[in-house]
Amino acid sequence: MRATGGPGSERRVTVIGAGPRGLSVVERLAARAAASGARVRIDVVDPFPPGPGHVWRTNQSPLYLMNTPSVFPTVIADDGVLPVDPLEPLRNMSFEHWRLAAVAGAIAVDPDDAAHLTRMTPQSYPSRRMYGVYLAWVFHTLRDALPASVQLAVHRAEAVGVHVREHARHRYDVEISGGQNLPADAVVLALGHLDADLRPDQRELVDGAAELGLTYWPPAVPADVHWEDLPAGRTVLVRGMGLNFCDVLAQVTEGRGGIYTQDGERYVYHPSGREPVIVAGSRRGAPYRSKAVLEGYYASSLVTRFFTLDAVRALAARTEGPLSFGTDLYPLIRKDAQWNYYTVLARTAPEAFETDPQEFLARFDAVLRTGDDHPEGPWTSRAERLIASAVVPGRQLNAIRLARPFEGLSFGSHDEYAAAVVHHLDRDVHGALAGEDDPLQMAVASLNAARTVLKAVLADLGIGDASWTDELRRAFEPFVEGLASGPPVLRTQQLAALARAGVVRFLGPDPQFVVDEEEGRFVASSPWVKDEPFRAEHLVEAMSPPNDVRRNISPLLSAMHREGLVRVRAMDTRDGVATVPGSGLDVTRPPYRAVRVDGGVEPGVLVLGLQLSSVQWGVAIAAEAGASAELGARTLADADRIAEAVLRPPAPRPPHHAPPAPPAPPAPPRE
């Protein structure tokens with residue numbers, strides 16, 4: 001990076017993206033500049049409001065909920081976590097601390113927001129709108145507290161290009177919509193969620209819908225969708241039963257005047273009469289599992305014995321070559337999940353054992369402490385034999401059934417399948433409300449805790465490319481997301497109520513969605529449910545655009561690729577002969593400078609957040625309040641490393657070489 005003049009001259013940095021990660025970069029730049037006296041001009045570019053950005057903007061429906069409780073998220077690290085603490089007005093201001101300050105009257109908020117925050121607890125799940133209010137407060141408080149050495153300008157526009165100016169005073173020009181160019185010594189890409197090209201099957205649905213006058217809604221951020229356009233009383237097919245599915249249901253039920261009442265663990269839905277009939281399907285055939293009701297974010301009684309940072313570091317030290325997720329890491333994750341499941345089962349349901357539960361645990365512990373070089377065979381085989389002999393059938397932990405509860409099961413009718421789904425939902429609710437006394441929830445809690453460690457392991461130590469692509473992303477990621485990334489239990493209670501009220505129907509696992517030209521409608525069915533297909537004139541994709549730079553349609557990344565400033569990370573295949581494109585940009589080690597098309601490093605282009613998905617895992621998960629820099633606060637630590645690099649006295653800048661004509665770009669420009 002190059003700044004004009006001597007060491008005390010002003011640096012200019014453009015942060016593209018004003019959501020939580022861009023906000024964290026600005027906060028870190030301000031804190032470090034205040035501590036060092038460095039002069040910096042920060043330009044923030046985003047068409048959406050700074051702080052909330054696109055996803056968390058404050059003008060969206062309050063019915064959209066976060067999937068983490070109030071005690072979890074933050075954009076401000078605790079004191080002592082990073083080398084330089086935040087500016088005074090922001091110190092220790094996680095979302096929960098901000099909420100408590102607003103309730104106490106120490107922070108001024110809208111009276112309606114204050115009343116809502118007062119009704120919340122640390123375990124409540126905030127609305128995305130309310131988290132946006134917090135992010136907006138952080139930005140405005142930060143702006144008001146900036147030291148004299150920091151200038152901040154916000155540009156409500158879209159960045160459409162970054163150009164290298166070889167002989168200019170500043171190395172980069174950032175081109176924004178409206179024709180303005182912003183000079184910069186460094187550019188930070190904190191882009192967040194980007195629109196993406198559709199898959200071939202989705203394009204077929206678009207074409208069929210256009211030809212026949214049907215309604216097809218592709219993947220989108222829920223707050224961008226006009227849900228009021230779905231007609232009351234008509235059948236609407238919905239593909240996807242993850243977190244966005246909860247958003248769809250909230251808008252077409254409560255959003256249309258429907259009311260829930262509570263009857264014990266169950267909810268009862270009272271329709272307004274303006275709801276559509278939702279017919280939902282997903283590959284798993286069931287929604288994500290509910291989050292357990294706990295006193296904190298992690299279960300206090302959770303025991304992590306095998307998959308720890310220290311254990312993996314020791315393993316890496318004695319392993320030649322890169323680690324393998326399937327061979328080296330997942331066995332440790334699996335051991336912890338099984339241990340937590342069976343210890344809770346022994347405590348809460350001793351009748352589930354054919355033998356004395358404590359004797360079983362002692363023998364099970366001995367098996368888990370060994371590996372695959374035992375004379376009696378691999379630990380997995382020995383564990384399975386012990387479990388089969390000591391645990392009552394039906395009470396044994398079945399990972400496949402846990403993730404896909406209807407795997408291999410056939411149903412004779414839609415009603416039969418709906419009854420099975422509602423029974424599954426009721427059991428899930430019961431387990432979530434039991435919290436740490438439910439064995440299944442503790443197995444899931446173990447997987448959730450493992451995700452935090454796994455993020456650090458993958459960022460610091462890494463695994464082989466083929467293992468990343470095949471074992472982590474394709475196999476483990478969909479498995480663990482369906483279990484550990486679920487909604488609050490309230491959403492599952494509501495879904496069960498909607499199913500009992502006939503507002504929601506279920507397709508079945510592995511659903512197929514096609515356009516029937518003869519009927520002029522969408523047709524949806526499942527091979528596992530032997531009944532007539534559902535037909536409808538409306539089909540909604542209940543999912544956000546994929547986080548994949550190969551498919552995004554960002555004008556900015558397209559232009560930067562054409563100029564050779566960024567490229568997709570190439571991942572080695574298992575046979576080592578060829579490579580496949582990853583989902584993220586190619587970058588260096590932290591502070592994650594971009595790698596150019598020609599293989600060189602572009603020193604002043606730095607990346608943070610979702611576009612790091614080929615070198616980091618779980619990039620969409622928020623920073624965790626109270627966490628360390630190497631674990632839950634890693635995103636904030638990455639932002640701090642970027643700020644340190646930007647403010648460091650510049651080295652002589654290298655020449656910019658024009659790249660060869662690039663192969664397939666990460667995102668072709670929109671026609």
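Biologist: How do the lining residues of the second largest pocket divide into nonpolar, polar and charged?

Modeller: In this predicted model, the lining of the second largest pocket comprises 25 nonpolar, twelve polar and eight charged residues.

Biologist: What volume does the second largest pocket have, and which residues lie nearest its centre?

Modeller: Its volume is about 880 Å³. The lining consists of 45 residues, and those nearest the centre of the pocket are Leu65, Gln123, Ser124, Tyr125 and Pro488.

Biologist: Which elements give two or more residues to that lining?

Modeller: They are α3 (111–119), α4 (128–144), α13 (439–460), α14 (465–484) and α15 (489–500).

Biologist: Let us take two of those, α13 and α14. At what angle do they pack?

Modeller: The angle between α13 and α14 is about 145°, and their axes are 10 Å apart. The crossing of α13 past α14 is left-handed.

Biologist: Which residues of α13 and α14 meet?

Modeller: From α13 there are Val444, Leu447, Asn448, Arg451, Leu454 and Leu458; they meet Trp468, Leu472, Phe476, Phe479, Val480, Leu483 and Ala484 of α14. By class, the residues of this contact are eleven nonpolar, one polar and one charged.

Biologist: What lines the largest cavity?

Modeller: There are 18 lining residues, with Cys246, Leu249, Arg491, Thr492 and Leu495 nearest the centre of the cavity. At least two residues of this lining come from each of α6 (243–252) and α15. Divided by class, the lining of the largest cavity has twelve nonpolar, four polar and two charged residues. The helix α15 is also one of the elements that give two or more residues to the lining of the second largest pocket.

Biologist: And which element gives the most to the lining of the second largest cavity?

Modeller: That is α13, with four residues. The lining of the second largest cavity includes Asn448, Arg451, Thr452 and Lys455, along with Phe72, Tyr297, Tyr298, Ile621, Ala622, Glu624, Leu631 and Gly632. Six residues of that lining are nonpolar, three are polar and three are charged. Asn448 and Arg451 are also among the α13 residues that meet α14.

Biologist: A change of topic: the backbone. Which residues does a cis peptide bond join?

Modeller: It joins Pro590 and Pro591, with omega at about 15°. Pro591 belongs to the loop between β20 (579–585) and β21 (593–595).

Biologist: What is the phi of Asn92, and where is Asn92 found?

Modeller: Asn92 is not a glycine, yet its phi is positive, at about 60°. The residue is in the loop between β3 (73–74) and α2 (95–103).

Biologist: Finally, the chain as a whole. How many helices and strands are there?

Modeller: The protein chain has 17 helices and 23 strands. Its radius of gyration is 26 Å, close to the 26 Å that the globule rule gives for 671 residues, so the chain is as compact as a globular protein of that length.

Biologist: What does the C-alpha trace span along its principal axes?

Modeller: The C-alpha trace spans about 75 × 65 × 60 Å along those axes.

Key
Residues are numbered from 1 along each chain as its sequence is written. This is a predicted model: local features need pLDDT of at least 70, side-chain atom pairs count only at pLDDT 80 or more; totals for chains, interfaces and linings use all residues. Side-chain values use heavy atoms; hydrogens and water are left out. On a 1 Å grid over the protein atoms alone, a cavity is a set of points where a 1.4 Å probe fits but cannot get out, and a pocket is an open set with protein on both sides within 12 Å along at least five of seven lines; lining residues have an atom within 4 Å of a point. Grid points are joined across faces, edges and corners, and a volume is the space filled by probe spheres set on the points. Ala, Val, Leu, Ile, Met, Phe, Trp, Tyr, Cys and Pro count as nonpolar, Asp, Glu, Lys and Arg as charged, and the others, Gly among them, as polar. Axes are lines fitted to C-alpha atoms, for helices over the stretch in contact, and angles run from 0 to 180 degrees between N-to-C directions. A crossing is left-handed if the near helix is turned anticlockwise from the far one by less than a right angle, and right-handed if clockwise. Contact means heavy atoms within 4.5 Å. The radius of gyration is taken over C-alpha atoms; the globule rule is 2.2 Å times the number of residues to the power 0.38.
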